Amino acid sequence: MSPAVEATALSKSHGSVRVLDSLDLRVAEGTVFALLGPNGAGKTTTVRILATLTRPGSGHARVAGHDIVTERSRVRRAISLTGQYAAVDETQTGAENLRTAARLSGLPRRAAARRAAELLERFRLAEAGDRLVRTYSGGMRRRLDLAAGLVRDPGTTRVMFLDEPTTGLDPRSRQELWDAVRELSAAGTTVFLTTQYLEEADRLADDITVLGAGRTLATGTPAALKSRYAEHRLDLVARDREAHLRLTSAASAVTTGSVTATPDALSLGVPTDGSAAHVRALLDVLDPERRDVDRFTLHTATLDDVFLALTDTTALPVNDKEPSRV
Amino acid sequence: MSDALSSATVLAGRGIRISRRNLDAVITSMMLPIMLMLVFVYFFGGAIDTGTRYVTYVVPGVLVLCAGFGAASTAVSVSEDMRLGVVDRFRTLDVGGTPFLAGHVAATVTRNALSTALVLGAAFAIGFRPAGTAAGWLAAIGLLLAWITAVSWLSAALGLVTRTAEAAGAVTFFMMFLPYPSSAFVPIETMPSWLHGFAEHQPVTPLIESMRGLLLDRPAGDAPWIALAWCAGLLTVALAASGCLFRFRTR
Ligand SMILES: Nc1ncnc2c1ncn2[C@@H]1O[C@H](COP(=O)(O)OP(=O)(O)OP(=O)(O)O)[C@@H](O)[C@H]1O
Ligand SMILES: [Mg+2]
């Protein structure tokens, strides 16, 4: 099956600023894909290009099998989009906004009204449906905007683009959005989302690409990224300075990874795979007489580590043109 | 094509709903022409010799003025939709530039039909008694609607260029100004001679002359055809310009 999204060497400049620099992406049909990146990395630009709202400066992309420049209409009929900023009318009610969008998507009047009612229910806006959007809270507006992005019959939406869908949502609404994403995905829709929340990418995404200054920094499954860019670590606190010295030299001898020692704090970090067996064995090897280690904590790798490691510009090999593939 | 038509209809409905809720703006845009009509008739009218009662002379001009006010609001609403990203939602739903603008124009024309009726009502109240036939009325109203459509579309095109609502309001000033240097309020002969050339050949003059002729059942000559040609010409320019501008703004 052809990929749902396939981009080759996408570039885009605004004046002299290179916003996207030869970006390659591939999203398999039916999967959830997350584009991660710090502010200004080019996430919104990527989504807008793929959703046919902006033209790429150079490069090619196909979405749902259609070229985003030469087959714009076909692409539009196969996608749905909720942008980063709410695109709803303040002086229409929630229900009217949804009905307008549903009618524009091609539904006849009654079906549009039904779809609008369904979506209001699903996004907990049924009560507020007949109120002007002007009176909505920020989160309600966001939910309405997401609902408006879903008006199209799920059967015909092959790729759903969500640009920072959960920014500004409370935990419960976020959970509901996650459920909605999983539901869409289970029904076969490919979901392409951007997010600043690594936890979100970790929970939802099958694949992640980390973007920095318009370039791919890394791409892979959440688990692969974690094991590649962020290791589990056993953090030890030594009883005293001598114990710290002994532990440091023992650790350097047993591990192939890098040991981080902070003598002033009497602390020491040793790479581990995080399993109980390995941690126990490590403690035994480092401190056979059980007198040097005062306390320990296990640091579990998170996508935050990956993100920080990758987007910390000082830590990045500057000339590393090849994005890492894991 | 039918897609485009139904999108335009849906968007026109949206535009009308939204303007119904911005009632203050709508009322202002209706009150202003009526106020101006009163000012012209009662303050200036006595001093202007038009050969007929002044109210009879001035009403077509006020209707055209009113059309200008209405059309100016199209630029503002188009520019707001562009600025706030609402247009992005429409675009991802595969609504093209033409149905998008057509929706705005249709909403303006509907609003304007209403304000035209109100102005006419007020005119009757202060003694406007035209002698036109039913056919004359229909033709006059048809011509006015054609004019409103053309200038609204022009205004919509301007709304695509301006980045703020204020700027959009400002650039449409000429539409509201155009009736003054025409035969709308005073006979052209009373204007300074250097203005005659412009006043006689600008689009509002044949429009006004033909509306006067049709409403008062007097010979209008070829003025209606000239007015109609102006409307068609302006609409063509507006369509072409807005098409290009929409593509340019949404690159
Ligand atoms: N119209 C524009 N003119 C000039 N620069 C622009 C324009 N649009 C975007 N940029 C620049 O492009 C870069 C990427 O912007 P983009 O909105 O894609 O980032 P993002 O990853 O979505 O950021 P955020 O997380 O803040 O939403 C930024 O540096 C931004 O300033
Ligand atoms: Mg963004």
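Is Phe192(A) buried or exposed? Phe192(A) is buried, with a relative accessible area of 0%. Here buried means under 20% relative accessible area, exposed over 50%, and partly exposed in between, with a 1.4 Å probe and protein chains only.

## Basis of the report

This is a predicted model, in which local features need pLDDT of at least 70, side-chain atom pairs count only at pLDDT 80 or more, and totals for chains, interfaces and linings use all residues. Residues are numbered from 1 along each chain as its sequence is written, chains are lettered from A and ligands numbered from 1 in the order in which they are written, and side-chain values use heavy atoms, with hydrogens and water left out.

## Aromatic pairs

Over all chains, the whole structure holds five aromatic pairs. One of them joins Phe161(A) and Phe192(A), whose ring centres are 5.2 Å apart with planes at 50°, so the pair is tilted. Rings of Phe, Tyr and Trp (its six-membered ring) pair if their centres lie within 6.5 Å; planes under 30 degrees apart count as stacked, over 60 as edge-to-face and the rest as tilted. The pair links distant parts of chain A, 31 residues apart: Phe161(A) is in strand 7 (residues 159-163) and Phe192(A) in strand 8 (residues 190-195). Helices (H or I, at least four residues) and strands (E, at least two) are DSSP runs, numbered from the N terminus. Phe161(A) is also buried, at a relative accessible area of 0%, and ring pairs link Phe33(A), Phe161(A) and Phe192(A) into a cluster.

In chain B, Phe90(B) and Phe100(B) form a tilted pair, 6.2 Å centre to centre with 50° between the planes. Phe90(B) belongs to helix 4 (residues 86-92) of chain B and Phe100(B) to helix 5 (residues 97-125) of chain B, so the pair ties together parts that are 10 residues apart in sequence. Phe90(B) is buried at 5% relative accessible area, and Phe100(B) is buried at 2%.

## Strand 13 of chain A

Six of the six residues in strand 13 (residues 267-272) of chain A are buried. In a regular strand the side chains alternate between the two faces of the sheet. Ser267(A), Gly269(A) and Pro271(A) point one way from strand 13 of chain A, while Leu268(A), Val270(A) and Thr272(A) point the other way.

Strand 13 of chain A pairs in the antiparallel sense with strand 11 (residues 232-238) of chain A over six bridges; two strands pair if DSSP finds at least two bridges between them. Asp235(A) stands opposite Gly269(A) in strand 13 of chain A. Strand 12 (residues 260-262) of chain A also runs antiparallel to strand 13 of chain A, joined by three bridges.
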